[in-house]
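Subject: Structure handover

Hello,

Here is the structure you asked for. My notes on it follow below.

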Amino acid sequence: MPDYGDVRALVLGASGFSGRRVARALSAAGADLSLAVRTARHGMVGEFPGAREVELDLLDTAALRDLVEETAPDIVFNLAGYGINPAERDPALAEHINAAFLATLVEAVAALQQSRWPGQRIVHTGSALEYGVCSGDLAETTEPQPTTLYGRTKLAGTRLLQKSSAAVGLSSVTARLFTVYGPGERSGRLLPALMELAREGGSLDLTAGIQQRDFTYVDDVAEGLLRLGTVQTTPGEVVNLATGRLHTVREFVETAAGVLGIPAGDLHFGALPMRQEEMAHLPVATGKLQNLLEWLPTTSIRQGVERTRQAMQC
């Protein structure tokens with residue numbers, strides 16, 4: 001894990017699924033940590049000793065500027081997002097939180113006194129859904145064709161970060177994330193549903209599970225983001241942060257079921273229809289990630305599920 005000793009790091013979306021794991025990794029790496037959250041949650045500061053927790057409404061651009069000025073971060077990790085939760089369907093909010101606010105963030109960071117930090121000033125998380133209906137290996141040069149509100153607005157954010165960063169010469173990178181799983185996922189997602197089934201019993205209706213995904217353990221994602229923060233790229237560079245290995249959803253479910261002790265008969269494959277927006281592609285291109293970092297995520301599905309089970313028992 002990279003050394004962030006005494007580096008001033010600001011995490012936006014720190015109370016979310018991936019944001020909390022990034023905050024944990026930064027804390028362990030010695031960062032001087034500021035955590036921005038939608039709603040202040042009791043206990044976060046206790047979880048990360050010495051960190052500052054700040055409630056921030058990303059619709060309030062003045063508050064964002066003030067926060068950046070007050071914390072003077074060497075590096076900002078942006079894990080804020082809107083639209084992964086099926087209940088989040090407001091187009092105006094999606095446009096602002098996934099895209100528009102990034103222009104203000106770039107301006108605010110660029111206005112700070114020059115940092116001695118040699119790496120990125122902004123590490124932004126994008127999404128596989130930016131690629132949409134594209135096929136092939138989804139190399140970063142692939143022209144995106146998003147079909148969902150989340151995918152379209154995340155792509156707008158990626159492009160806005162590129163344009164704004166280039167205009168002021170600010171180091172920034174977008175890490176496109178794929179199927180991230182692990183401790184802290186919201187209820188209703190695949191692994192939490194399997195863990196609930198293991199606890200409560202019963203059965204679980206599933207699709208046929210033939211769709212293939214790049215399942216990436218959340219702590220590998222956090223490590224990858226911290227590693228990307230230490231390197232130099234062109235402003236707004238896009239990098240796929242994935243394993244480069246595809247597994248079917250059925251493989252993931254059956255592996256998780258073996259770890260969690262779920263009987264095969266409790267899993268009803270084919271009971272649900274496939275979603276219309278399901279992606280279909282070759283193994284994700286990870287050459288740029290490997291060339292930049294000399295590193296790729298290595299946690300297997302079995303290891304990731306076991307670590308999640310252990311973490312959720314603590």
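Glu47 counts as partly exposed, at 28% relative accessibility. The cut-offs here: buried is under 20% relative accessible area, exposed is over 50%, and partly exposed is in between (1.4 Å probe, protein chains only).

Two conventions before the rest. This is a predicted model, where local features need pLDDT of at least 70 and side-chain atom pairs count only at pLDDT 80 or more, while totals for chains, interfaces and linings use all residues. Residues are numbered from 1 along each chain as its sequence is written, and side-chain values use heavy atoms, with hydrogens and water left out.

**Salt bridges**

Glu47 pairs with Arg20 through a side-chain salt bridge, 2.9 Å from N to O. Arg20 sits in helix α1 (residues 17–28) and Glu47 in helix α2 (residues 44–47), so this pair ties together parts that are 27 residues apart in sequence. Arg20 is partly exposed too, at 23% relative accessibility. Arg24 joins in: Arg20, Arg24 and Glu47 form a linked network of salt bridges. The term means a side-chain nitrogen of Lys or Arg within 4 Å of a carboxyl oxygen of Asp or Glu. The structure holds 16 of these salt bridges.

Another one joins the side chains of Glu237 and Lys288, at 2.6 Å from N to O. Glu237 is in strand β11 (residues 237–241) and Lys288 in helix α9 (residues 287–293), so parts 51 residues apart in sequence are tied together. Lys288 is partly exposed, with 26% relative accessibility.

Glu223 and Arg227 also meet in a salt bridge, 2.9 Å from N to O. Both lie in helix α7 (residues 218–228), four residues apart, which is about one turn of the helix. An α-helix has 3.6 residues a turn, so residues three or four places apart point the same way. Glu223 is buried at 16% relative accessibility, whereas Arg227 is partly exposed at 22%.

Helix α10 (residues 301–313) has 13 residues. From first C-alpha to last, α10 reaches 18 Å, close to the 18 Å expected at 1.5 Å a residue. That expected span is 1.5 Å times one less than the number of residues. Ile301, Gly304, Val305 and Thr308 are buried in α10. They cover an arc of only 95° around the axis, which puts them on the same side of α10. The arc is that of the directions from the helix axis to the C-beta atoms. Their cover includes β7 (179–181), α6 (190–200), β10 (215–217), β12 (247–248) and α8 (249–260).

**Whole chain**

The chain has ten helices and 13 strands. These are DSSP runs numbered from the N terminus: helices are H or I with at least four residues, strands are E with at least two. Of the 314 residues, 53% count as buried. Residues 24 or more positions apart account for 77% of the contacts (heavy atoms within 4.5 Å) with a separation of 6 or more. The C-alpha atoms fill a box of roughly 60 × 45 × 40 Å along the principal axes.

Best regards
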